[in-house]
Amino acid sequence: MAYGLRTWMPFGLGVFMGLFVAFLLFTSSDLEQDLKVEDVGDIQKFEHWKVQVQKPVSIVVPNQNNQNKVVRSRFAATELGIRDKLILIVLAQSALSVALNASIGEHVPRMQIYADASRIDTDMSVLTNLIPYRLNGLTGQRAHVHILNSIADQALQDNYDWFYFIPETTYVNPFELMRLIKRLTWNKQIALGQPDREGNCILEAGILMSNTAVQSLLQQRHLCQTIVASNDQQAFEMCIRLTTNLACQPKEKDQLHRWWRVEETSETGSAIHDHVHWLASTREFNNTLTVSPLLSEQDALTLHEHFVNVEIGRISTEIKRVSKEVTTFEEELEGDRSWPIGVPGPARPPNRWQVPVWEYFSELDIFKNEPTQNSRPLTGNDALDVREVIEIARKKIEVDLEDGFVDASETFNPDLMEFVQLKHGYRVFNAKRGMEYIVDMEYKWLTSDDKQPLIKRIHVCRPIHFTELLHQVPYVKEDTDITMVIPIQSVEEAEAARSLLIRHIRLCISSSSMIDSRQTRIVLAVRSIPDVTVHQLADELTHLKRKCKSWQTDIALLPLKQQSHAMIEAAALDEAIDHFGQQMIYVLLSPYADYQRELLDRVRINTIRHFQVFFPVPFVEFHPLVVNADRILNLALKEKEKNSVFNNSHMNFDLNNQEALESRMAYLRNLVPPTMVAQRQLVVHKDRGFFDTNDFSVVSLYGTDYINARAKLAQKTDDGETTRLLDLSAIFLGQTDVHMLRSIEPSLRLRYHSRKCSPDLSPADMARCQLSHKQSFGTKSQLANVLFSDLQVMRDIPMASIMQ
């Protein structure tokens, strides 16, 4: 026990001393003053408490405005309150709505068709602007209730200034309708139409309502559920009057709502399309807004054709009136009159570099501004263009001569004067004025051979009357996977493909810090090459996959079957799509390609499923031997000028001697150092290559688009024999769903290779192939320098100067 007492005594003594000191320092009154507790029922209130809320540390981002940001609308039109002008709402019950949609739909901003689901047939089901609804027979709801609910659900009242309601048995003149709404104010409650005895608008005549009136109609549409009427049209008429409290007006601001109703009879030939020919002579009918009732689709199409012709006549009359006014005003203004009327005159170029270059043409040839060819035969569209210009110029000259606008001695008479030929012709394109022509027409006298021929100069202009914007392009994301297909069918192409893989590895290493989550697959499709070469390509692919992990690069080596398509490009795409599916982008690439990383991004942007395929225009390298020989010869010429050594001797060379050409090229191979001919970095420069617009060897497309166009691959000639295609561009020509995008691509370059033109090619493809083959040798100046210079001077150039 003594042992336990000795153990606990220090502990107890410490506790006692602590309590004693606390009692001395704090009295009971101080504790009560510092902490007061009030009991209020079951709630205790504490005073003299201070609550400290620790605020989180705010992280200030440099160059960032910390003020409250304004919440902007998603679209500028929503924020600015911009709305379309008109929506046409058709209450449909049969296939008549299809005819109305085909005729009127193209001339109004939007046309929406509402139909009972039980009445929709096969023809109506294909309409993209059809909204079906279902009637509930138990509740007795009318069709207009569902239509108004649908309009409110789609918030159409926020997107349009005017609403026009018609049944499918009524034709509306879209041109008169658009002119009518342009003359009225949309922010006023208006219900324009033909009133009945009770003041309701007759739906058969058409009902035009402003945006504010439709807003009231939709807000009070619940009142329309109790309406009792004999049919849906009458119920809708009563609904408009009940909810908007607007009496129908046939006139607003001197603008009339004209309605032409054809009386129905039991006689044959009482349909509208049988009476249009004599109704067309009536001015009131030509200016009417709506015509009813339509008994068949033929009625709608006939009426639309008539009113289109009326509109064309009105526009032609307006053009003549405006032209006359412009002529009158220009006579009162200073300066030269513009010609043609309403077309801006030619602008003066700011410097000599921007002077437009005219093309010279005759009846047989045309001299275009091309760096590789001076003249071409006048064929195709150019020939049609020139023939039309000659015909127009002849009519103008002969009419002026007959009307006496020239000297009396030059009066045109077919018995005395005859057209001989087009003496000279020039044309140029101006983006503002269109295509302009200057032609000199030669006439000869039939009565006397001594008289000089009469030459008249005419200035002809083909203005740009109509421009059309492209259709809306689908949205494209840049996260699509790409499969690059490289067809190989010879040892030479295999060596070029190995060089391509090495350059791809360099691109990966140079951008190894950039991690790309998009997958890029490289596929080599081989056929008819030795097994040793196939193993070498497989090793190169394995090495590439190991080096290009940051690019998410996948590889594949596909051996093509011998019975596959004879065209190696088509066989390679067939095999690749069978292996990897149709839902990705395939890039058919030449084994001689030298591309940059930007090419893959542009492929992802420019290739759109079911809409667009991309054929980039590559930069094709000139023959390295010719380019380097030209460089060495220019160095030799500079050395001679520096040393004041001049050689006036020249060489005679026969260009038609094929053996002499080959021997000269062989001689160049011995003179030019091999290190210069070896493949170096290919730079886009006019002396290193050219953009070959005849080359379609590289294409990017979706697998689905290729499968859909695959049937056009086997084209037939006139004699029924199958010809070989030069590339895959022919299968996409003439398609309406998928179009071709063709643009210059500086990041795609093709190394020089000898092009082989198969004798089985069609004449057009053969011409393209041979032209590309000729142009790939070099420029005219380079070829002339190599062919007509003394090659012996190349031996006098030091190697150090050559390798600079």
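Q: What stands opposite Val439 in β19?
A: Val439 faces Ile458 in β19, and β18 pairs with strand β19 (residues 454-462) in the antiparallel sense over nine bridges.

Q: What makes strand β18 mostly covered?
A: Of the twelve residues of β18 (residues 434-445), nine are buried, where buried means under 20% relative accessible area, exposed means over 50%, and partly exposed lies in between (1.4 Å probe, protein chains only).

Q: How far can these values be trusted to follow one set of rules?
A: This is a predicted model, in which local features need pLDDT of at least 70 and side-chain atom pairs count only at pLDDT 80 or more, while totals for chains, interfaces and linings use all residues. Residues are numbered from 1 along each chain as its sequence is written, and side-chain values use heavy atoms, with hydrogens and water left out.

Q: Why is Glu311 called buried?
A: Glu311, in helix α12 (residues 297-332), has a relative accessibility of 11%, and therefore counts as buried. Apart from neighbours within four places in sequence, Glu311 is in contact with Phe175 and Arg179, contact meaning heavy atoms within 4.5 Å.

Q: Why is Asn287 called neither buried nor exposed?
A: The relative accessible area of Asn287 is 28%, so Asn287 is partly exposed. Asn287 sits in the loop between α11 (283-286) and β13 (290-292), and, not counting residues up to four places away in sequence, touches Glu176 and Arg258. Asn287 and Arg258 are 29 residues apart in sequence, yet 7.8 Å apart in space, C-alpha to C-alpha.

Q: What makes α6 and α9 oblique to each other?
A: The axes of helix α6 (residues 143-153) and helix α9 (residues 232-244) come within 8 Å and cross at roughly 55 degrees. Axes are lines fitted to C-alpha atoms, for helices over the stretch in contact, and angles run from 0 to 180 degrees between N-to-C directions. Angles under 35 degrees count as roughly parallel, over 145 as roughly antiparallel, 65 to 115 as roughly perpendicular and the rest as oblique, and therefore α6 and α9 are oblique to each other.

Q: Which residues of α6 meet α9?
A: Ala143, His144 and Leu148 in α6 meet Asp232, Ala235, Phe236 and Cys239 in α9.

Q: How do you know that α22 has close to its expected span?
A: Helix α22 (residues 763-775) has 13 residues and reaches 18 Å from its first C-alpha to its last, close to the 18 Å expected at 1.5 Å a residue; the expected span is 1.5 Å times one less than the number of residues. Its buried residues, among them Met766 and Cys769, pack against β26 (689-691).

Notes: Helix = DSSP H or I, 4+ residues; strand = E, 2+ residues; numbered from the N terminus. Pairing = 2+ DSSP bridges.
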